[in-house]
Amino acid sequence: MIFEQKEIRLKPYARGFHLITDTIIAEFPAFRKIEKGILKIFIKHTSASLTINENADGTVRSDFEKHINILVPENAAYYEHIYEGSDDMPAHIKASLLGSFVEIPITKGVLNLGIWQGVYLGEHRDNGGSRSIVVTAFGV
């Protein structure tokens, strides 16, 4: 059994959804040693998320951002956690809805994503700053 792990510091991204698949592949080539296994990617933040979706058409990512802002609006009268700005509580909700990790099969040293799939960073704050992800690969 092979276990590899690395923490990657991502550059700051603007609010929205951003493809980070290529960054993960470039920064963590250790998964290539694995014939059959899993790559787990975990984000160490409560106001950003990870998900997998369309990797070809950028309008999918912008539509994601528009739609999630309708689902989870800013300045809702019932929010109590408002100390860090109007985008903070919605960012926490969005992060919980989308999740803090994704798992991808590794097959013959390659991430076994669908042809149109990529890993998204969901940046839910206006000024979220740099984000840290932990990538773990395990298998045989």
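The stops below concern a sheet, a helix and several charged pairs.

This is a predicted model, in which local features need pLDDT of at least 70, side-chain atom pairs count only at pLDDT 80 or more, and totals for chains, interfaces and linings use all residues. Residues are numbered from 1 along each chain as its sequence is written, and side-chain values use heavy atoms, leaving out hydrogens and water.

Select β2, β7 and β4. These strands (DSSP runs of E, at least two residues, numbered from the N terminus) form an open antiparallel sheet in the order β2-β7-β4; two strands pair if DSSP finds at least two bridges between them. β2 (16–19) and β4 (48–54) stand at the edges with a single partner strand each, so one side of each has no neighbour in the sheet.

Next, select residues 117–123, which are β7; this strand pairs with β4 over 7 bridges. Glycine 122 in β7 is the bridge partner of serine 49.

Now select glutamate 27 and lysine 6. Their side chains form a salt bridge (3.7 Å, N to O), the term for a side-chain nitrogen of Lys or Arg within 4 Å of a carboxyl oxygen of Asp or Glu. Glutamate 27 belongs to helix α1 (residues 21–27) and lysine 6 to strand β1 (residues 2–10), so the pair ties together parts 21 residues apart in sequence. Helices are DSSP runs of H or I, at least four residues.

Then select glutamate 7 and lysine 44, whose side chains also meet in a salt bridge (3.1 Å, N to O).

Finally, select Arg15, Glu65, Glu74 and Asp126, which a network of salt bridges links.
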